[in-house]
Amino acid sequence: MRTAYSVETVRAAERELMDRLPEGALMLRAAAGLAAVCAGLLARRPGRVYGARVVLLVGPGDNGGDALYAGARLARRGAGVTAVPMDPLRMHAGGLAALRAAGGRVSDTMPARADLVLDGLLGIGGRGGLRPAAAALVERIPAGVPVVAVDLPSGVDADTGEVAGPAVTADVTVTFGAYKPGLLIDPGASRAGAVHLVDIGLALGGPDAQALQHADVAALLPEPGASSDKYRRGVVGIVAGSAQYPGAAVLAVAGALRGGAGAVRYVGPAAAADAVLARYPETLIGRGRVQAWVVGPGLGEGRGGEVAGLLAEDVPVLVDADGLRGLDTGVLRARSAPTLLTPHAGEAAALLGVSRESVEAGRLRAVRALAERYGVAALLKGSTTLIASGGGGGGGGGGGGFGGPVRVNPTGTPWLATAGSGDVLSGLAGALLAGGLSGADAGAVAAYLHGLAGRRAAAGAPVLAQEVAQALPGAWRDVRTP
């Protein structure tokens with residue numbers, strides 16, 4: 001599992017460690033790791049490190065010091081290293097002395113040619129995008145030259161991934177001590193490139209965000225036992241589809257069946273029921289005992305009473321799409337059984353009473369606000385799908401209450417941006433709820449498997465939602481294969 005920590009947590013751990021180390025030792029550790037990654041990148045060129053042209057974009061803080069010390073190491077291996085400062089009077093003194101002693105130089109202009117550029121302009125404390133002087137340096141980076149960000153791409157908010165102005169887009173980010181949430185969450189994540197973690201010996205507490213990996217998902221997947229039958233494995237009820245959107249019902253049922261449900265009950269219009277049975281004759285039609293409900297995909301308007309009726313039942317409920325309209329905060333917060341809301345950015349904006357643009361610009365803030373306001377587990381779909389758990393029973397149980405780490409899904413793919421994909425995700429998450437997972441765990445595991453299935457189905461080509469559903473069993477096998 002990748003765990004990410006806030007700036008405050010990282011700073012506190014750094015201070016605690018620095019009190020026990022000689023002055024400057026921690027920066028030298030970070031610089032050594034940074035230089036090693038840069039040397040590995042330069043080793044792909046014909047002359048390797050020797051003779052490589054390396055440019056350091058140097059800010060006034062410790063981030064600039066990391067770059068200078070790393071540049072000194074590269075210079076001692078024969079690279080030609082040039083530091084271009086944002087402010088020549090505010091360079092890290094020790095780093096600058098080390099660079100000059102190793103044969104590096106300082107220039108007030110960007111060299112016309114380079115083999116590698118290090119972005120050491122702003123550290124993890126930077127906020128609000130690049131200032132004009134820093135932005136001007138970034139604009140002069142020669143086209144096509146690999147950029148390595150020091151700890152975090154400058155201009156990205158380390159705690160949230162928000163980008164409030166000009167920012168660096170890196171090919172590689174070398175981060176120190178711990179991942180930061182902004183490296184995992186868009187829009188910051190899309191600017192980080194490949195992320196390398198350098199262990200500098202920090203002792204850290206609880207994370208602010210976490211990204212599951214195969215082993216984590218495999219450990220959460222419901223496993224049928226020798227005595228399992230279709231009812232013990234979990235029956236999920238699907239209330240979805242309408243005369244206008246019968247396909248939503250088919251896709252939600254597909255996600256549930258291929259997502260591990262022991263059985264699926266479909267409740268909806270006759271036309272949609274016929275479409276479901278034509279594709280999946282194993283589906284049960286009509287109400288009956290279930291271990292979880294999924295309501296909303298393709299539901300259409302005027303069916304809020306059905307949503308309210310399901311929320312009154314003491315079983316887990318997933319609410320998606322049209323079911324998200326007009327939700328009663330008090331009803332959701334009063335529920336004792338898990339509740340999982342799965343909006344996209346536009347639906348989240350309506351639930352929060354803000355603009356879609358503000359949700360997309362501040363995804364972490366938005367998913368936490370949803371979980372806190374409604375007391376539920378909230379899954380915010382998008383380029384980085386996020387899952388947060390609210391306090392109380394409605395938050396899903398076992399999720400640690402609001403304030404615990406937000407789950408960040410690492411398997412998303414743009415190929416999943418296709419009609420009906422969200423319906424498949426809802427059915428899949430509903431099956432996991434019926435299998436006994438908490439709201440937050442069901443959302444996180446479903447998003448992970450959905451992303452893997454999307455990658456499998458697409459393989460670099462356009463994909464249909466039904467093909468994503470068909471690829472779900474393969475995604476299960478992927479995560480369970482050692």
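In which loop is Thr342 found? Thr342 sits in the loop between strand S15 (339-341) and helix H14 (345-352); helices (H or I, at least four residues) and strands (E, at least two) are DSSP runs, numbered from the N terminus. Before going on, please note that this is a predicted model, in which local features need pLDDT of at least 70 and side-chain atom pairs count only at pLDDT 80 or more, while totals for chains, interfaces and linings use all residues. Residues are numbered from 1 along each chain as its sequence is written, and side-chain values use heavy atoms, with hydrogens and water left out.

**Around Thr342**

Thr342 is buried, with a relative accessible area of 2%; buried means under 20% relative accessible area, exposed over 50%, and partly exposed in between (1.4 Å probe, protein chains only). Its side chain makes a polar contact with the side chain of Asp320 at 3.0 Å. Such a contact is a pair of N or O atoms within 3.5 Å; within protein, one must be able to donate a hydrogen and the other to accept it, and residues adjacent in sequence count only if both atoms are side-chain atoms. Leaving aside residues up to four places away in sequence, Thr342 also touches residues including Leu318, Val319 and Ser426, where contact means heavy atoms within 4.5 Å.

**The sheet and its helices**

Eleven strands form an open sheet with mixed pairing, in the order S1-S9-S18-S17-S16-S15-S14-S13-S10-S11-S12. Two strands pair if DSSP finds at least two bridges between them. At the edges are strand S1 (2-4) and strand S12 (284-285), each pairing on one side only.

| Helix | Strands touched | Angle |
|---|---|---|
| H16 (residues 363-374) | S15, S16, S17, S18 | about 30° with S17 |

**The nonpolar cores**

A nonpolar core is a set of buried Ala, Val, Leu, Ile, Met, Phe, Trp, Tyr and Cys residues joined through side-chain atoms within 4.5 Å. The largest has 99 residues, and those touching the most other members are Leu34, Val54, Leu56, Leu118, Val319 and Leu327. Helix H2 (residues 25-42) gives the most to this core, with twelve residues. A second, separate core of 57 residues includes Ala249 and Tyr280.

Definitions and conventions:
Axes are lines fitted to C-alpha atoms, for helices over the stretch in contact, and angles run from 0 to 180 degrees between N-to-C directions.
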